[in-house]
Amino acid sequence: YSDEEHVRCLAMNMYHEARNQGTAGKLAVSSVVLNRVNDDRFPNSVCEVVMQGPTRKSWKDPTISYPIKNRCQFSWYCDGLSDKPKNTEAYKKVLDFSRLIMHNNIQFIDITDGATHYHADYVKPDWANTKIKTVEIQDHIFYRWEKK
């Protein structure tokens, strides 16, 4: 992946996970991606973290793999819906924000205190009981996964 591809991956995740939130919400979901990149239990690049999940081989072309529906780390990536941003203005804003984060043009502060996981406040995934809650930002609850 090129630097610009990683910028786009982070922007797409911000767009799909937090486009209707303020700066804190966008920064928080981006913190989770970057915290995962820096954690050896996850892939070590932005795009690999964003697209992480089980895959299956194409029946037409076995050299191509597709994510298994509803099994990805970030649900938007494999929910079966188009990932193309419908709100181009919102996407442009998160793309600019992503460039600032990825190219160190802003001082990045992890407002999640090391979170590697989050979920919407209207769901309670099983894994939530195994992580340490760090913060709630808008409609997301963030957790840190302590190393043993």
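Mentor: Start with strand 3, which gives 4 residues to the lining of the largest pocket, the most of any element. The model is a predicted one, and every value below is computed from it. The part to look at closely is that pocket.

The largest pocket holds about 650 Å³ of space. Two elements, helix 1 (3–18) and strand 3 (117–120), each give two or more residues to its lining. In total 22 residues line the largest pocket, and those nearest its centre are Glu 17, Ser 75, Tyr 118, His 119 and Ala 120. Glu 17 falls within helix 1, while Tyr 118, His 119 and Ala 120 fall within strand 3. Sorted by class, the lining of the largest pocket has 10 nonpolar residues, 8 polar ones and 4 charged ones. On how such spaces are found: rolling a probe the size of a water molecule over the atoms shows where empty space is left.

The second largest pocket has a volume of about 200 Å³. Its lining includes Tyr 15 and His 16, as well as Arg 19 and Trp 76. Asp 79 is also part of that lining, and so is the run from Leu 81 through Ser 82, Asp 83, Lys 84, Pro 85 and Lys 86 to Asn 87. By class, this second lining divides into 4 nonpolar, 3 polar and 5 charged residues. Tyr 15 and His 16 fall within helix 1, an element that also lines the largest pocket.

A disulfide is a covalent bond between the sulfur atoms of two cysteines. This chain has 2 disulfides. One of them joins Cys 9 and Cys 47, with the sulfur atoms 2.1 Å apart. The link of Cys 9 and Cys 47 is right-handed, with 100° about the S-S bond. Because Cys 9 lies in helix 1 and Cys 47 in helix 3, the pair ties together parts that are 38 residues apart in sequence. Cys 9 counts as buried because its relative accessibility is 13%, under the cut-off of 20%. Cys 47 is buried too, with a relative accessible area of 0%. The other disulfide joins Cys 72 and Cys 78, whose sulfur atoms are 2.4 Å apart; both of these cysteines are buried. Counting bonded cysteines along the chain, the pattern is 1-2, 3-4.

Ser 45 sits in the loop between helix 2 (23–37) and helix 3 (46–50). At 11% relative accessibility, Ser 45 counts as buried. Leaving out residues up to four places away in sequence, Ser 45 touches Tyr 1, His 6 and Val 37.

Arg 36 counts as buried because its relative accessibility is 3%. With residues up to four places away in sequence set aside, the residues it touches include Phe 42, Pro 43, Val 49 and Gln 52. Arg 36 also touches Gln 73, Phe 74, Thr 116 and His 117, and His 117 falls within strand 3. From C-alpha to C-alpha, Arg 36 and Ala 115 are 8.5 Å apart in space, though 79 residues separate them in sequence.

Two backbone angles remain. Most residues other than glycine have a negative phi, and most peptide bonds are trans.

Gln 138 belongs to the turn of a hairpin formed by strand 4 and strand 5, with 2 residues between the strands. Strand 4 (residues 132–137) pairs with strand 5 (residues 140–144) in the antiparallel sense, over 5 bridges. Within this pairing, Val 135 stands opposite Phe 142 in strand 5.

Technical notes
Residues numbered from 1 in each chain as written. Predicted model: local features only at pLDDT ≥ 70, side-chain atom pairs only at ≥ 80, totals over all residues. Heavy atoms only, no water. 1 Å grid on protein atoms, 1.4 Å probe; cavity = no way out; pocket = protein on both sides within 12 Å on 5 of 7 lines; lining within 4 Å. Points joined across faces, edges and corners; volume = space filled by probe spheres on them. Nonpolar A, V, L, I, M, F, W, Y, C, P; charged D, E, K, R; others polar. Buried < 20%, exposed > 50% of the residue type's maximum accessible area, 1.4 Å probe, protein only. Contact = heavy atoms within 4.5 Å. Disulfide = S-S within 2.5 Å. Pairing = 2+ DSSP bridges.
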